[in-house]
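Hello,

Here is the structure we talked about handing over. Please open it first, then read the notes below it.

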Amino acid sequence: MTLFRNLLIASTTLMTMGAAVGRADDTVRQPTPRKQPASQSSVQNNKSKAIVSLGDSGLPELISVSAARRPVSTSDIGTSMTIITEKQIQTQQRRSLTDILARQPGLNVVQTGGPGGTSSIFMRGNNSNEVKVRMDGMDINDGSSPNGMFDPAQFVTDGMGQIEILRGPQSGLYGADAMAGVIDITTAQGEGRFKPFVRIEGGSYGTFNQTFGARGSKKRFHYNVEFSHYRMDGFNNIPSYIERYYGADRQQRHEGNRNDNRSANIRLGYDVTRNLDLGLTARLIQSNLHSYSLYDLQDENSFGDSGVREQNTQNEAIVRGTAHLVSFHGLFDQVLGLGYMTNRNRFTETGTSYGNPINPDPDYNRSSRLKVDWHGTFDFKRYGQLLIGAEHFDDTFNTSHTAASMWDSGYNTSASMDTTAGYGQYQGNWNHILYGAANIRYDANSRYGNHVTWRVAPAIHVPGTGTIIKASAGSGFHGPSLYQLFANQVGVGYSERGNPNLKAEQLIGYDAGVEQKLLHDHLNFGATWYDNRVRNLIQSSRSTDSLGDSNYSYANVAQARMYGVEAFLNWKALSNLEFNLSYTWTHGRDETNNVQLQRRPQHKFNFNTTWTPIRDLTFSGNILYTSGWRDLPVIGSETCSTCGKGHGYFTIDIAANYKINRYLSVYARADNLLNRQFEDPIGYLQPGRAGYGGFMLNY
């Protein structure tokens, strides 16, 4: 804590001194264009100013802000990454974060119960809670869930300006939970004139969505405010063979899920001077998911329960404010941030068992996170850049349920933890041939101890060939959640207790690959080999006492290895025609018992094409193929997590956008065009053929 306090005092002093220098610089210099905000996707280097562009010069040169916490060309750093732009999201008409992530290389996204159902992100074969997700600089993994993973199910893509996916251990820069990688989401910034819009959409499964908002700028003030309401009603997620096995009646076969989501997305900014700007971002989510799953059907038809239905209500808020200062004639660039996140989940289950209510009182899971952070970059021009930073987190957690019967003793558990961290990174290049970055970080956690992590990521540009050789190596860790440490649920015949002696999971990983640019950068392709080894994996444990009661807990009992290949090809065949292809091969195995890891398909293929035959008409097509995987069986034994075999599937999606005039656009899309019926995971049917359409009014 003393280290962090000293760093915070030093950063505040530097901000104050820099602001004074910035104001002095502002009074003596001639007027120049406004400085580039820290979140903008552009970077000045010795070659040229690289801006995301879709001009005829070739494929766009993408700029990453997350890989080095400053704008840098993706070609100049060894990190394996994917960048998704706002234009791609809009062209493909992907309305949920789950949908857009499911089509990216290195990721396998599993969703239970269709739209709005719990979603898990597996990156490079690692567990879903080993992926760190950030939004506008705020860490948003859900502390209210048992394993602390991020659930993208209720996050709509409205307002998202860029999504960066960094694959491989990133704990050297981002700390705990970044051992598999990082997904960094940035809200789009408003610029230019006042641009209001309204979008209305409807379609299959009772879909009716409305979104409205405005973005723009006025002198030194810029804004982007969007509100949305998404509704889906009537999707049945239970496969027909399970309905037959449990003897479902007509009502049970037609029982559908309903999801209702209301979200607000806000980004405000004010340029105090040319050197100092202030920012505020907020995302508010309120959702209600009513579901009927195979386990509810099982309870009704195998165990005598009646009227079993589930409802999950979620209220989430993510708020972050920043002060960004460039001082000493651009030598020092720093950001001071304060963020807060809270999540409130309420679960209820209706129905009766032997005439008594199943769950008359709700289950509550609540969490909050307060983050204070500062980082600054010294730009030594041709001698490279030095990044230093510090962060402090305060996490709280509470889970409770009121006792309802002699079989239900109730529980109320609260816990908290603090994390203080400091990190540094050097980035530079030699003769524009050898580029590289190296970082190191120290995390001190009040519950699971101290950890030092690191990462190096070089990139070699072979002169005159368009060939880039990339590599990276690093360490990562994932700390146990507060639930895993302190859960305390005791009932008749069972108990579930946390393990306060849990250690953090640890990973060592590396990757190496090559990328090639041809045809004046109209054709880019490449492949990357990766290998990750994990120890101290946290898994559920079960024991039976002398009375025959089942006792559940958690333990560091496993180690695993995940390795594979990620390949891509991007081809701009014509000025109005582009093809994007990616392939992922993943092999994940638990080395403790030598079994394949659950829900890790070995092969994944995604193909996307975008065609603009005339100026205001754009078509997008997508083919996704996923091979089979091992999973938990839902009929028969449920004690073996890999005894079930999920069947591979492929889907075809198409979308069209037409701008009638400057005020009105119409669009339509068809998902799963061939109506492939598939489960992912086993026991949860995903939507079949579905059509959607709508219009957007803007000024």
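The largest nonpolar core has 26 residues, and Leu97, Leu101, Ile140, Phe155, Ile163 and Ile183 touch the most other members. Such a core is a set of buried Ala, Val, Leu, Ile, Met, Phe, Trp, Tyr and Cys residues joined through side-chain atoms within 4.5 Å. Two or more core residues come from each of helix 3 (97-101), strand 6 (107-111), strand 7 (119-123), strand 8 (131-135), strand 10 (160-167) and strand 11 (181-187). Helices (H or I, at least four residues) and strands (E, at least two) are DSSP runs, numbered from the N terminus.

A word on the source. This is a predicted model: local features need pLDDT of at least 70, side-chain atom pairs count only at pLDDT 80 or more, and totals for chains, interfaces and linings use all residues. Residues are numbered from 1 along each chain as its sequence is written, and side-chain values use heavy atoms, with hydrogens and water left out.

**Whole protein**

The protein has 8 helices and 38 strands. Of its 699 residues, 55% are buried (under 20% relative accessible area; exposed is over 50%, partly exposed in between; 1.4 Å probe, protein chains only).

Ile163 touches, among others, Ile83, Leu97, Leu101 and Ile183, not counting residues up to four places away in sequence. Contact means heavy atoms within 4.5 Å. Glu86 lies in helix 2 (residues 86-92). Is Glu86 buried or exposed? Glu86 counts as buried, because its relative accessibility is 19%. Leaving aside neighbours within four places in sequence, Glu86 is in contact with Met160, Gly161, Ala188 and Arg215.

**Aromatics**

The whole structure holds 18 aromatic pairs. Trp611 and Phe619 have ring centres 5.9 Å apart and planes at 25°, so the pair is stacked. The cut-offs: rings of Phe, Tyr and Trp (its six-membered ring) pair if their centres lie within 6.5 Å; planes under 30 degrees apart are stacked, over 60 edge-to-face, the rest tilted. Trp611 is partly exposed at 39% relative accessibility. Phe619 is partly exposed at 32%. Elsewhere, Phe332, Trp374, Phe378 and Phe380 form one aromatic cluster.

**Ile614**

Ile614 lies in strand 32 (residues 603-614). Ile614 is partly exposed, with a relative accessible area of 46%.

Best regards
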